[in-house]
Structure formats: C-alpha cells, structure tokens
Amino acid sequence: MQSITHTHYDLVVVGGGIAGSMAAVAAGREGLRVLLIEEEGYLGGSLTACGTGPMMTFHAGDKQVVRGLVDEMIQRLVQKGLSVGHIIDSTGYTYTVTPFDSEGMKRELELMCLEAGVQLLYHTSVVEAKVIDGRLGTITCLCAGNLFSVEGTYFIDASGDADLIAMAGIPFEQGRESDGKDQPLTMNFKLVDVDLSVIRNLMDSDVELFPFLAPKAGLQHQASRLSFSGFQQIMGEGIQKGEITFDRDIVLCFETNAKNEVIVNMTRVLDKNPVKPLELTEAELEGRRQVWELYGFLKTHIPGFEKARMTYSGPRIGVRSSRRLKGAYRITAQDLLNETIFEDAISACGYPIDIHSPDGAETDSTFLREGGYYTIPLRSLLNEQVPNVLAAGRNISCEFTAHASLRVSPSAGAIGQGAGTAVALAIQTKTDLLHLDLDALHATLRKAGAFVG
C-alpha cells in the first residue's frame, strides 16, 4: 500500500464540514502543512450536503460572539451577493439567522482553504487508524478503489460522528445518558415559488399561529428573509386524518438567500442510529418518504405554498447527534446556564439548549438569559489516551443536553478555528496541547478576529 504523497503533514483534518474547514484554514494560515480529507466532492458538511440552513446564531443579544474565520466566510459571501448576512430571526426563537447560497458556500470554503495552502482530498474515507505508543501516526484511506496511507503529526476529527476517534480507540459516548438515544435525524428539502408575502401578512393578522413570534409581534418586518415556525393546529389535524404519518408538531421553514425559496426543516426520523450502516440507510429511506408526504401536505394546507416546487431533498440526511468524545473536560448543561467563561476558552456560543426529542414530536428548549453566552474550553477537544488527536465541531466532549446548544454551525465553525490554532501553537512552541500558553493561544485567536469571551 502506497502513501498518497511522500509528504508528512503537520496536521490532517478528517471531515470538511464547517468545523473541519475552519480548522484547516486556521492552521494553514499559521504556516502548517495541512491535509483536509472529505468524503463528499465539496466542503461545507451539513450546510451543503444536508440542506441545513440558515446558520444560527452568531449572536447573544446585540453582541456578536461568533466572529473570526466563520464570520469572514459570511462577509465574503455577502460581498458576492451570496448571503444577506446576519439578520433578525423572525421565528422569535433566537437572535439572528444567516441565510446563504449553498453553492456559493462550497466555492468560498474551497477558496479560503486554497488561499491558506491547504491540500484538499475529496471522495475519500478513513478506514483505519494506526496508534503506536499512544500516538496516532498513520491513517489508511480509501478513494476510488485505492487504499493508501497518510501520515501526520496531529489529527483533527471533524467528521461530526467522531469516526476517527472511534477508530483510534479513544473513549466516546453517544446519545442521552438514560438510554443512549440520539436526537432524531432530519432530511431537509428546498421549495421554490413559495409566496411568502402571504405568510408575512398572516404574522400580522393572526400572530397566535406563530408561538415563538407571538411575544415579539412585528419582528418579521425587520427581516429581509423570512423564517417562520407555526401552524400547529393544521399539523395536528393532518396527523389526526392520517395525512401526516410521523410525529411533527409544527411547520418550520427558512427563506434562503434567494427570495421565495425556503428550506423545510420538518421531517423527523426516530430510533435510527446514525453510526450503524443499515440504520443510516433506513433513515435516508424514511426521511425521503416523509419529504414527499410533507411536500403534498404543505401545498394542500399551508397558505402561500400552493404553487411551490421542490428542487431537492437532502442530498443526505442530517444528523443532529451521534458519538461524542470522552475528553479531558466534559461540558455540562450547567456550564452553559452559568455562562461559564473558561480559562482555556477557544470560542463562544449564545444559542439555546434545543433538544428535538428522541421519543416523538416535542422540542424541549431551555433559554439562556437575554444576551447570555458561554465559552468552549480547549480541554473539551482533547483526550489523554491519544493526545495528538483532537475533536472539533459537534463531536467534542459534552453532556447530551449541552450538545443540543453547542452543536449549531456557527459554534462548530468557531470550535474548528480554535482547534486548528491550538495545533499550530503546539507545533510552533513544541508544547503538548494540554500545556499550551493560554495567553498566547488567546492572542493568536484574537489576532485572527475570534471572540473567546
């Protein structure tokens, strides 16, 4: 078996979602030789492969707490007309949402990586991790029927599902503590030709249809793109009549960067383990079945959707939660509610605790105080068993409940920047990750525009 190149990489990042892309760019800008491995043929992860959107939220009240590379990427899209930037969340659920053009994001992430000198490797999966004397040195990859090895000094697992962590024998956990169940999987889909002026008018005339908006009536007039969550009675009637055959209690749609195009975030696939091969396929099948059921229902029953056309579903099902590292520090829900500013903070987040029930239709939300935010400690990315492997994104070390907040894409991207920066500092100073100079780490992150509390 041959190596892909004769080059030893300073850092190998597994997974090109928002966390992995930001980790690779951060390390590349610090002068490291970086390889970014992605199983799709493009970057962006759930934002471009699962129809996830908009990004939410970069803010805690009026304060922007997610900055740095993730925000730079958005501002680059704004300059090209591929995002309207951060706008009011007209559902009333959180502070802001950030619509974007998913095709534009694919290209912008590539440009950022290439400008930083990152070597991209698409259509590639990791199939084995070889740990010797407590360090990961080589991974085996598969691309187009070719097996090959990749060597690195440090590795970041930004796969979302902690695939590399599991293969390296590093401890992990999955699901809620009581029974191991994950949040439901969701297949999003996009509709065009939706008359959102009808929905905007309903938000004025019958605000009680939109429960999160009701206490903030009129909020939709501040949003250049519309997000809405409501129509519970219509959904309930659809379930009673058998027109909807799965548990979902509300219509939830987000206008994209393109006017009158919406992402529908409503399917709910229960009791499927996203890291078990057959169950993942079964989830895809069930998700697509629900998409077509909802498509017909929305066109028939929801005002403004009569002429809607579906442009795509997925293209792959979205996974909210799966494996999580058992790391040097496990973030708790109380850390979030206490608005903890950790000594080794690498990023911040102001999103609520948002648990889509593993058992049914309900969504259990716990809100931080208005304007409240918490930070992510570097230790939650690290482990003591194989210390040259870090987690980045939704697979870091945390409780199931805490994960339901920190998993969102702006937070994941900021965590990725922190991970890539930490590796760069470790290599530059020849220091292990658990003993980095935190003042130097924070200085480097702040110089790159990041917010660390």
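Reader: What makes the radius of gyration of the chain agree with that of a compact globule?

Author: With 453 residues, a compact globule would have a radius of gyration near 22 Å, and the chain has 21 Å, so the two agree. The radius is taken over C-alpha atoms, and the globule rule is 2.2 Å times the number of residues to the power 0.38. This is a predicted model, in which local features need pLDDT of at least 70, side-chain atom pairs count only at pLDDT 80 or more, and totals for chains, interfaces and linings use all residues. Residues are numbered from 1 along each chain as its sequence is written, and side-chain values use heavy atoms, with hydrogens and water left out.

Reader: Which residues of helix 6 are called buried?

Author: Leu196, Ile199, Leu202 and Met203 of helix 6 (residues 196-205) are buried, that is, under 20% relative accessible area with a 1.4 Å probe and protein chains only, where exposed means over 50% and partly exposed lies in between. Helices (H or I, at least four residues) and strands (E, at least two) are DSSP runs, numbered from the N terminus.

Reader: Why are the buried residues said to line one face of helix 6?

Author: Seen down the helix axis, they fall within an arc of 110°, so they line one face; the arc is that of the directions from the axis to the C-beta atoms. The face turned away from the buried side carries the exposed residues Asn201 and Ser205.

Reader: What do the buried residues of helix 6 pack against?

Author: They pack against strand 14 (227-230), strand 15 (251-255) and strand 16 (262-264), where contact means heavy atoms within 4.5 Å. In the chain as a whole, 60% of the 453 residues count as buried.
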